[in-house]
Amino acid sequence: MLGEGILKGLAETAKNFAGSFVSAERLTTVQYPEERIAPIEATRDFPFLVYDGADWEAGLRCVACQICEKECPPKCIYIEKSTDKKPDFTGKPQFYPARFDIDISVCMSCQICVEVCPFEAIKMDTEFELSTEDRFAGLLFDRKQLAKPNEHYRKIHPAEAAAVDARLAAEKAKAGARAKAASDAAAAKAAARPAEGGD
Amino acid sequence: MKTVEEIKTAIEAAVPGAGVEIVLNPSVCGQQSLRLAPESALAVATFLRNDAEFRLDYLSNVTGIDWPDCLEAVYHLYSVALKQGPLVIRMRTVNRTDQVELPSLTPVWRSAEFQEREIFDLFGIVFTGHPDLRRILMWDGFKDHPMRRDYVEPDDFEYEPTAHDEVLKRAQEHRSRE
Amino acid sequence: MAVADNKTEKLEGWNRPPVMEPEGEGELLEVATGPHHPSTHGVFRMDVALDGERVIRLKPVFGYLHRNHEMLAEGMSYLGSMPFTDRLDYICSLTNNWAYALAVEKLTGQEVPERAEYLRVILGELTRFQNHASSIGFLIQEMGASGTPLMYAFREREKILDLFEALTGARMMVNYMRFGGCRVDASAAWLDAARKVVAGLPGFVDEMDRLLSTNEILMARTQGIGILRPELAVNAGVTGPMLRASGVNYDIRKVDGYGIYNRFNFRVPLGDHWDVYDRYMIRLLEMRESIKILEQALKDIPAGPVMDPKAKLRGFRPKPGEAYGRIEAPKGELGFYLISDGGPNPYRYRVRPPSLINLTVLEDMALGENVADVVLIFGSVDIVLGEVDR
């Protein structure tokens, strides 16, 4: 019969149309921004800097090693190292970034900076509603805008943050054990010397 | 597929006077190549395509390379009929400035048509015998050849907040000129 | 021996498309189709010269999206080019990543662990599925179907993109493959979600089949249009579904057997009539074959690492040499030709773009057809401008 193929096709379309009233699978449109889809955990948008504790300047994990700056493919990160040092989470004095700019109009969310960072200092955020009227300075994020607490990281990427926290706690424990062993050895030597010196 | 030495012997037997030399490739993948003399390249290409043992009827990729002293065109050949390949053949120009002609292999394999136009556009190799040699990716009035290593980009900085190295130097020069 | 020049009889046939004689009187009407055009798959222009409605001459013009990706890669480390390969064929970023990783692994002789190979196959076939679904959807939209089959295809594509986002972090620009494996491992939960999605795919392909394949309007508009002879297809370097629709049995997954494709049981559909309808049908059948491969891979995937632990991420300097690695991307043969001089950046980085080379025969297929069919023929080539222009 002529037109049979068209009728078969129309039956499919009708099934989808009628089905969209009764089945959730056929009604796929989400009325954004009133409705939102639950975010997927691994999603990545733009980088942010992680800090531990309450003070973002003192707790910033970044030590300005500039590895992310070198590896960034579109070269959107700009770092200036500080001249003094501050203690990091294990207590060791480290440099910190005096300036850390990311131009998110250039950043392409490739997340290579996260992959190469040896200090778990830079991670990917999930914020994408970042439109602004100023297309130059409004899209250049500086150190203060980029610094976000570890609690924020735990909220957006729970599984990843748990693994990072475990890794950092293990490192801190190892550093602490090494420091304790070194101080015990020094105390033992100091205790032995006056005994020798007295002779 | 035969080794490059055997292919070289076969070519020299079929096309006498064809200047063919083997170019070794130190990588582990083992894709050796043959360098052809431009004068006999078209005859060698026809032989490789039509000979019953090779039947290299499919030209997969044409690449242009900018060496410090000359330009080069590299062709990757496969055989769809006999499911073999790749055979890599190369041709070098005499220099980079005024003697940059090479024979076009478009009369043998049509797939070279757009790719040789691209090499002409981006590197500057002039393919003689190409049916329609004009720029393909850049616009027709464009001067210069962008993929060459001595290509200087035009000065069109607008806003460079996170400039590094080369870009930083040129951005500072641009700003000082304004 | 006299050098054969292009005036010789037996070479002439491949060289140029046939010269069409106009039948009407007066001048030819020259229409620039594009670059701002809803049906040109991106910024692409076709300068057609028309005699009434018949196409006398067609010249493709592109370069509007030329970003000089090859020169960028010469200034960047090998790892840094990986996100840029996502942006070549931007619909199928995983297969672009795979082709580049394969080329670098060929250059250095790097081995890939088995679980990573299985993951690559799973993601590659999911990419192929969503590419063919979108391609069919766009082709039907260009025929005037106002997007209904396209939106059905996009509904399935959303499920696949959600899978990509859960694994790699991004829907399209994934940056997932590395030299020596994959970036992150897939959890058991992800594999279960993937199995669920794949279980729903055959129903979708059947739905598209019932909706479209016997539709009289589709058949009248696509059968006998845009015929590409197999000898011309091979000589012009056409690859992928376009070549197979012209009846040539050449699928790089079977010919080269790269990765672990030799372990999977799948067929290669071929076309009999070499027209636009065959290209549509080949893509539909290839979607079914992809489902077969996916089911096998998801069943057999072993446990293990996904990255060679000795592979270097930073400071990667392959030894001097060159390599050409190619895969069967959804659009055709995607190859990367790398020349290394021992430094951290490649000396020459070349992308062999399937879309550009498939366009070589656009003029031959469109000559003599009506101008309304030019858009259909162009849609059946299935190009992405990011790949054509790089």
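## Chain A

In chain A, among contacts between residues at least 6 apart in sequence, 69% join residues at least 24 apart. Please keep in mind that this is a predicted model.

- Chain A holds seven helices and eight strands.
- Its C-alpha trace spans about 120 × 35 × 30 Å along the principal axes of chain A.
- The radius of gyration of chain A is 27 Å, whereas a compact globule of 199 residues would have one near 16 Å.
- Of the 199 residues in chain A, 24% are buried.

## Chain C

- You will find 16 helices and eight strands in chain C.
- With a radius of gyration of 22 Å, close to the 21 Å that the globule rule gives for 390 residues, chain C is as compact as a globular protein of that length.
- A box of roughly 70 × 60 × 40 Å, taken along the principal axes, is filled by the C-alpha atoms of chain C.
- Buried residues account for 54% of the 390 residues of chain C.
- Among the contacts in chain C with a separation of 6 or more, 72% come from residues 24 or more positions apart.

## Where the chains touch

- Chain B and chain C meet through 40 residues from chain B and 41 residues from chain C.
- On the chain B side of that contact, helix H2 (41-50), strand E3 (58-66) and helix H3 (112-122) are the elements that give two or more residues.
- E3(B) provides the largest share of this side, with six residues.
- By class, the side of chain B that touches chain C has 22 nonpolar, 13 polar and five charged residues.
- The contact of chain A with chain B takes nine residues from chain A and four residues from chain B.
- Strand E2 (77-81) and strand E5 (97-103) of chain A each supply at least two residues to the side that touches chain B.
- That side of chain A divides into six nonpolar, no polar and three charged residues.

## A buried helix in chain B

- Eleven of the eleven residues of H3(B) are buried, so this helix is largely enclosed by the rest of the structure.
- Among the buried residues of H3(B) are Phe114(B), Ile119(B), Phe120(B) and Leu122(B), along with Glu113(B), Glu116(B), Arg117(B), Glu118(B) and Asp121(B).
- The cover over H3(B) includes E3, strand E4 (71-79) and strand E7 (126-128) of chain B, together with helix H13 (354-358) of chain C.
- After H3(B) comes Gly124(B), which has a positive phi near 100°.

## Two helix pairs in chain C

- Helix H5 (residues 114-145) and helix H6 (residues 148-168) of chain C have axes that come within 8 Å and cross at roughly 160°.
- That angle makes H5(C) roughly antiparallel to H6(C).
- The crossing of H5(C) and H6(C) is left-handed.
- Residues that meet here include Leu126(C), Phe129(C), Ile136(C) and Ile140(C) in H5(C), and Leu150(C), Phe154(C), Arg157(C) and Ile160(C) in H6(C).
- The residues of the contact of H5(C) with H6(C) comprise 13 nonpolar, five polar and two charged.
- For the second pair, the axes of helix H12 (residues 276-300) and helix H15 (residues 371-381) of chain C come within 10 Å and cross at roughly 30°.
- H12(C) and H15(C) are therefore roughly parallel to each other.
- H12(C) and H15(C) also make a left-handed crossing.
- In this pair, Val276(C), Arg279(C) and Tyr280(C) in H12(C) meet Leu376(C), Ile377(C) and Ser380(C) in H15(C).
- The residues of this contact of H12(C) with H15(C) split into four nonpolar, one polar and one charged.

## A closer look at H15(C)

- Nine of the eleven residues of H15(C) are buried, so this helix is largely enclosed by the rest of the structure.
- The buried residues of H15(C) include Leu376(C), Ile377(C) and Ser380(C), and these three meet H12(C).
- Also buried in H15(C) are residues including Asp373(C), Val374(C), Phe378(C) and Gly379(C).
- Asp382(C) follows H15(C) and has a positive phi, near 60°.

Conventions:
Residues numbered from 1 in each chain as written. Chains lettered and ligands numbered in written order. Predicted model: local features only at pLDDT ≥ 70, side-chain atom pairs only at ≥ 80, totals over all residues. Axes fitted to C-alpha atoms, helices over the stretch in contact; angles between N-to-C directions. Helix = DSSP H or I, 4+ residues; strand = E, 2+ residues; numbered from the N terminus. Parallel < 35°, antiparallel > 145°, perpendicular 65-115°, else oblique. Left-handed = near helix turned anticlockwise from the far one by under 90°. Contact = placed C-beta atoms within 7 Å. Nonpolar A, V, L, I, M, F, W, Y, C, P; charged D, E, K, R; others polar. Rg over C-alpha atoms; globule rule 2.2 N^0.38 Å. Buried ≥ 20, exposed ≤ 12 C-beta atoms within 10 Å, placed from the backbone.
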